[in-house]
Amino acid sequence: MGVNDIAFPNLNIYLENVPKRFEIFGIEIALYGVIIGIGMLLSLMLIAKVAKKSGQNPDYYWDMALVTIITGVVGARLYYVVFSWDSYKDDLLSILNLRQGGLAIYGGIIGGALAIIAYTKYKKHSIPLALDTVVPGVALGQILGRWGNFFNREAFGDYTDGLFAMRLPVDAIRYSEITSKMAEHMEAGVNYVQVHPTFLYESLWNLCKS
């Protein structure tokens, strides 16, 4: 199995050379970041549409986004780092390296929600109305954003041999993410782990709830 391959053997799906990034004019761009960026843009467009439909000024939410995107990203990164501290404690500068992934939606929601509440209170707007307006956009962002985890080979579950089992080359993931259960099922000479694609489960679950 090649280092850039991803397979779903029980579905007979074998993807070769799935890139983590691409290059434009000598600059490497991570697909993870592209997916997150697209998710943010489409989410804001949906929020603006919801705002207009409910008689609000969509520009209010575009302005709010300048604050919430920053606090959301900071919150998502801090949350991830706190719960993956062993991966960063020996190289603190790597905390700033978002190009390698590592954003937790829970921290993003917490950071974004605090910013929305503070901004809305400052603007003397209705906090419940603002929160109700942005929720559809958050759901859409999560549906799309989880596919950034697919390209980054992260946010997967433990070993499985179920229908949706996903194979990832060991060299494509962080060594710290290989659990004892995964290791137990790695036969001699095998260079991959077989795991639950939890990013897919969550993306589909959010889509169904929407």
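Which helices each supply at least two residues of the lining of the largest pocket? Keep that in mind as you click through this predicted model.

Start with helix 1 and helix 4: select residues 31-53 and residues 127-152. Their axes come within 8 Å and cross at roughly 165°. Angles over 145 degrees count as roughly antiparallel, so that is how helix 1 and helix 4 run relative to each other. The crossing is right-handed. Colour the contact between these two helices by class and you'll get 15 nonpolar, nine polar and no charged residues.

Next stop, the largest pocket, with about 860 Å³ of space. Select Met40, Ile105, Gly108, Ile109 and Val138: of the 35 lining residues, these are the closest to the centre of the largest pocket. Now for the opening question: helix 1, helix 2 (58-83), helix 3 (105-122) and helix 4 each supply at least two residues of this lining. Helix 4 gives the most, with 11 residues. By class, the lining of the largest pocket has 23 nonpolar, 11 polar and one charged residues.

Then move on to the second largest pocket, whose volume is about 460 Å³. Pick out Tyr80, Ser84, Ala104, Ala155 and Glu177, the closest to its centre of the 21 residues that line it. The elements giving two or more residues here are helix 2, helix 3 and helix 4. Helix 2 gives the most to this lining, with three residues. Colour the lining of the second largest pocket by class to finish: 10 nonpolar, five polar and six charged residues.

Conventions
Residues are numbered from 1 along each chain as its sequence is written. This is a predicted model: local features need pLDDT of at least 70, side-chain atom pairs count only at pLDDT 80 or more; totals for chains, interfaces and linings use all residues. Side-chain values use heavy atoms; hydrogens and water are left out. Axes are lines fitted to C-alpha atoms, for helices over the stretch in contact, and angles run from 0 to 180 degrees between N-to-C directions. Helices (H or I, at least four residues) and strands (E, at least two) are DSSP runs, numbered from the N terminus. Angles under 35 degrees count as roughly parallel, over 145 as roughly antiparallel, 65 to 115 as roughly perpendicular and the rest as oblique. A crossing is left-handed if the near helix is turned anticlockwise from the far one by less than a right angle, and right-handed if clockwise. Ala, Val, Leu, Ile, Met, Phe, Trp, Tyr, Cys and Pro count as nonpolar, Asp, Glu, Lys and Arg as charged, and the others, Gly among them, as polar. On a 1 Å grid over the protein atoms alone, a cavity is a set of points where a 1.4 Å probe fits but cannot get out, and a pocket is an open set with protein on both sides within 12 Å along at least five of seven lines; lining residues have an atom within 4 Å of a point. Grid points are joined across faces, edges and corners, and a volume is the space filled by probe spheres set on the points.
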